[in-house]
Amino acid sequence: MNQRMTGLGRRGMMKVVGAFVMTLGAAVGLAGAQSGEPIKVGHYASMTGSEATFGQSTDRGIRLAIKEINAGGGINGRPLQLITYDNQGKSQEAGNAVLRLITDDKVVAVLGEVASSLSLAGGQVCQEKGVPMITPSSTNPRVTMGRDYVFRVCFTDDLQAYALAKFAKDNLGFTRAAILYDQTQAYSKGLRDEFRRYFVAMGGQIVSDQTYSGGDTDFSAQLTNIRSTNPQIILVPGYYTEGGNIAIQARKLGIRVPLLGGDGWDSEQLSVIGQDAIEGSYYSNHSAPDKPEMQDFIRKYREEYGSTPDALGGLGYDAAMVLADALKRTKSLSGKDVRDAIAQTRDLQGVTGMISLDENRNASKPIVIVQVREGQPRWVADIENPGDLRAVLEQLRKK
Ligand code: PHE
């Protein structure tokens with residue numbers, strides 16, 4: 001599919017994607033011994049736009065999982081069939097895509113999105129329609145909050161922000177941080193808010209706090225301000241396209257300190273865009289390609305696609321595995337029963353760690369810090385989950 005899409009110009013692609021449906025069952029020929037009707041699963045994703053690698057990687061991870069599930073007999077003899085719609089990285093398109101998956105395609109569950117703002121939009125539709133949704137990778141706490149049909153298989157941004165603050169303060173020994181965040185993305189703003197809280201409680205200082213809007217290309221005013229405040233590190237909790245561009249412009253202005261990103265930097269495109277300017281910078285993520293426990297999955301993924309997966313490949317794979325596990329246990333395929341079965345997920349070994357869903361439908365996973373070296377993310381630290389974060393914050397403030 002990607003080959004076909006890249007053959008089109010950007011404008012031509014936009015026209016095609018609205019009508020584009022990818023049915024996995026047909027694509028892999030439903031190998032295996034299943035006989036029953038396929039069970040339809042939806043995926044809404046940024047297959048195009050400035051976060052395109054998010055959707056593409058996730059879709060590959062999901063397809064790999066479904067291929068394995070179907071080869072192993074499917075869901076009690078019935079194959080899974082994946083239907084993917086592109087949302088172009090736009091909230092409204094995300095809502096439309098989910099509505100279409102539910103009302104036209106009659107999927108039993110929805111996988112997606114990556115970007116938290118899009119999962120908030122899609123999750124609202126799933127909640128209203130009573131169809132369960134599992135986001136592989138949206139980390140903003142609000143995505144699952146108060147929505148009993150919405151689950152995630154990744155950590156949340158209060159923990160991610162704690163890990164970033166701890167790494168900057170304790171591992172790197174820095175006390176002066178500047179921030180440049182995307183005010184249009186729930187993810188970016190949430191990570192900035194939480195980072196401020198933890199870094200200050202740890203005794204650090206936020207010397208400059210600047211904003212941009214996704215899609216911006218000129219960051220020189222904000223970076224000039226940041227330069228004048230003399231930070232030791234700059235938190236850029238946005239997505240990879242802006243992360244790479246900000247790095248380039250920071251270096252042009254003579255700013256030499258490392259940048260610090262969150263999981264939103266996870267893309268091979270970060271170094272394609274940021275080139276030498278991003279070298280040496282750090283970001284937090286769900287996994288690192290050089291971690292020993294990732295090697296099995298990486299080998300399988302390479303065999304299938306000929307490229308190394310980013311964290312999203314693994315998270316997409318895990319989200320599909322959690323759903324398949326629930327579908328094998330559910331009493332029926334009704335939204336309510338599938339929801340209840342997903343909610344009971346405990347100790348499922350995923351490629352990105354052990355997955356247990358808590359009463360708030362979240363998973364708790366360790367956080368990995370990587371550094372960009374020669375264009376690759378290199379694993380530099382694991383930050384343990386300290387447990388009750390509210391208690392941790394109180395402890396820090398008392399010091
Ligand atoms: N956590 C990001 C968000 O919620 C999405 C993301 C996850 C991007 C993992 C890359 C890798 O918006």
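These are my notebook entries on what I looked up in this predicted model.

**Ground rules.** I number residues from 1 along each chain, as its sequence is written. The model is predicted, and I take local features only at pLDDT of at least 70 and side-chain atom pairs only at pLDDT 80 or more, while totals for chains, interfaces and linings use all residues.

**Domains.** I looked up the domain assignment, whose bounds come from an automatic or database source. It gives domain 1 (3-155 + 292-355) and domain 2 (157-285 + 367-398). The C-alpha centres of domain 1 and domain 2 lie 28 Å apart. For the contact between them I count 15 residues from domain 1 and 18 residues from domain 2; two residues are in contact if their C-beta atoms, placed from the backbone, lie within 7 Å. On the side of domain 1 that touches domain 2, the elements giving two or more residues are α6 and α13. The largest share of that side, three residues, comes from α6. The residues of that side divide into six nonpolar, six polar and three charged. Here Ala, Val, Leu, Ile, Met, Phe, Trp, Tyr, Cys and Pro count as nonpolar, Asp, Glu, Lys and Arg as charged, and the others, Gly among them, as polar.

**Ligand.** Which residues are closest to the ligand? I find S116, S137, T139, Y187 and D263 closest, in a shell of 14 residues; a residue is near a molecule or strand if its C-beta atom, placed from the backbone, lies within 6 Å of it. The shell divides into six nonpolar, six polar and two charged residues. Domain 1 and domain 2 both give residues to this shell, so the ligand lies between them.

**Helix α6.** Helices (H or I, at least four residues) and strands (E, at least two) are DSSP runs, numbered from the N terminus. Helix α6 covers residues 116-129 and reaches 20 Å from its first C-alpha to its last, close to the 20 Å expected at 1.5 Å a residue. The expected span is 1.5 Å times one less than the number of residues. Ten of the 14 residues of α6 are buried, so the helix is largely enclosed by the rest of the structure. A residue is buried if 20 or more other C-beta atoms lie within 10 Å of its own, exposed if 12 or fewer, and partly exposed in between, with C-beta atoms placed from the backbone. The buried residues of α6 include S116, G122 and C126. I see them pack against β2 (39-45), α5 (91-103), β4 (109-111), β5 (133-135), β6 (150-152) and α8 (186-201). After α6 comes G130, whose phi is positive, near 70°.

**Core and α13.** The largest nonpolar core has 114 residues, and V110, A320 and L323 are among those with the most contacts inside it. Such a core is a set of buried Ala, Val, Leu, Ile, Met, Phe, Trp, Tyr and Cys residues joined through C-beta atoms within 7 Å. Its largest share, twelve residues, comes from α13. Leaving aside neighbours within four places in sequence, V110 is in contact with residues including G122 and C126. In α13 (residues 311-329), 16 of the 19 residues are buried.

**S356.** I also looked up S356, which sits in the loop between β13 (353-355) and β14 (367-373). Buried or exposed, or partly exposed? S356 has 13 C-beta neighbours inside 10 Å and therefore counts as partly exposed. Not counting residues up to four places away in sequence, S356 touches T345, R346, D347 and A363.
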